[in-house]
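Colleague: I am new to reading protein models and would like to learn how to take one feature at a time. Could we go through an example together?

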Amino acid sequence: MIVVHHLNNSRSQRILWLLEELGLDYEIRKYQRDPKTMLAPPELKAVHPLGKSPVISDDGSGDTVVVAESGAIVEYLTGRYGNGRLVPPAGSPERLRYTYFLHFAEGSAMPPLLMKLVFDKVENGPMPFFARPIARAIARKVKDGFIMPNIRSQLDFLEAELGKSAWFAGEEFSAADIQMSFALEAAASRGGLGSQYPKLAAFLQRIHARPAYGRALERGGKYDYA
């Protein structure tokens with residue numbers, strides 16, 4: 001049985017969606033973040049030493065296999081159980097695009113979005129009154145000079161890429177679209193997707209309409225990308 005160790009408000013929601021798209025049986029073990037620190041509970045370290053999510057365990061081969069990191073989990077599940085589904089054929093141009101976006105999602109797209117989340121909290125969070133002007137000035141400078149230009153550059157690039165094909169790897173929906181979904185959901189939630197990105201907005205509408213996406217949301221619970 002495949003077990004998804006599912007932390008609330010984490011990237012593991014994508015793994016539930018992938019499993020639903022593949023039609024695989026799986027079990028969810030839910031974990032809750034500490035409401036003050038927003039960190040994962042120590043129980044997750046019993047599954048993987050880093051104590052983060054997503055992580056899955058699979059005893060389908062007899063020995064239990066533990067896999068962490070979204071991209072590695074996607075590759076493991078599609079390779080072991082996909083039977084060619086959700087992955088373009090090897091050697092095709094679509095396969096190269098698939099591999100690129102599978103890694104782009106976490107390697108390039110997410111870091112500036114995560115930095116924006118952190119510096120938004122620095123700018124707007126509670127702090128001693130004497131430190132507030134300095135902290136806010138630093139946060140705004142970092143966001144305006146580095147974070148937002150990087151986010152806009154990436155969104156411009158992704159908007160252009162979806163002008164080439166219906167999905168990120170080509171004309172067929174693939175696991176790369178599942179992997180890319182988190183970054184675009186985060187960008188939309190954090191105010192980065194305006195009217196200048198109609199193709200990215202349409203992408204989000206299309207994935208939200210997929211039955212497997214809805215089933216994963218029902219099982220995993222609502223996600224707050226803000």
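Modeller: Let us begin with overall size, for which one uses the radius of gyration (taken over C-alpha atoms and compared with a globule rule of 2.2 Å times the number of residues to the power 0.38). With 226 residues, a compact globule would have a radius of gyration near 17 Å, and the 19 Å of this protein agrees with that. Along its principal axes, the C-alpha trace spans about 60 × 45 × 30 Å. Please keep in mind that this is a predicted model, in which local features need pLDDT of at least 70 and side-chain atom pairs count only at pLDDT 80 or more, while totals for chains, interfaces and linings use all residues. Residues are numbered from 1 along each chain as its sequence is written, and side-chain values use heavy atoms, with hydrogens and water left out.

Colleague: How many helices and strands does the protein have, and in what order do its elements run?

Modeller: Helices (H or I, at least four residues) and strands (E, at least two) are DSSP runs, numbered from the N terminus. Here there are 7 helices and 4 strands, and from the N terminus on they follow the order β-α-β-β-β-α-α-α-α-α-α.

Colleague: What share of the residues is buried, and how should I read that word?

Modeller: Buried means under 20% relative accessible area, exposed means over 50%, and partly exposed lies in between (1.4 Å probe, protein chains only). In this protein, buried residues make up 46% of the 226 residues. As for the accessible surface (Shrake-Rupley method with a 1.4 Å probe; for residues, only the protein chains shown count as cover), the protein comes to about 11,700 Å², and 57% of this belongs to carbon and sulfur atoms.

Colleague: Which residues does E20 contact, leaving aside its neighbours within four places in sequence?

Modeller: Contact means heavy atoms within 4.5 Å. E20, which is found in helix α1, counts as buried at 12% relative accessibility, and with those neighbours left aside its contacts are Y26, A212, R215, A216 and R219. E20 and Y213 are 193 residues apart in sequence, yet their C-alpha atoms are 7.5 Å apart in space. For the whole protein, residues 24 or more positions apart account for 66% of the contacts with a separation of 6 or more.

Colleague: Where does G221 lie, and what does it touch?

Modeller: G221 is in the segment after α7 (211–220), and at 26% relative accessibility it counts as partly exposed. Apart from neighbours within four places in sequence, G221 is in contact with Q13 and A216.

Colleague: Which side chains make polar contacts with the side chain of D58?

Modeller: A polar contact is a pair of N or O atoms within 3.5 Å; within protein, one must be able to donate a hydrogen and the other to accept it, and residues adjacent in sequence count only if both atoms are side-chain atoms. The side chain of D58 makes such a contact with the side chain of Y76 at 2.6 Å, and another of 2.6 Å joins it to the side chain of Y81. D58 lies in strand β3 (residues 55–58) and is buried, with a relative accessible area of 1%. Not counting residues up to four places away in sequence, D58 touches several others, including M1, D63 and R80.

Colleague: Are N83 and L86 buried or exposed?

Modeller: N83 is exposed, with a relative accessible area of 71%, whereas L86 is buried at 15%. N83 lies in the loop between α2 (70–81) and α3 (93–124), and L86 is also found in the loop between α2 and α3.
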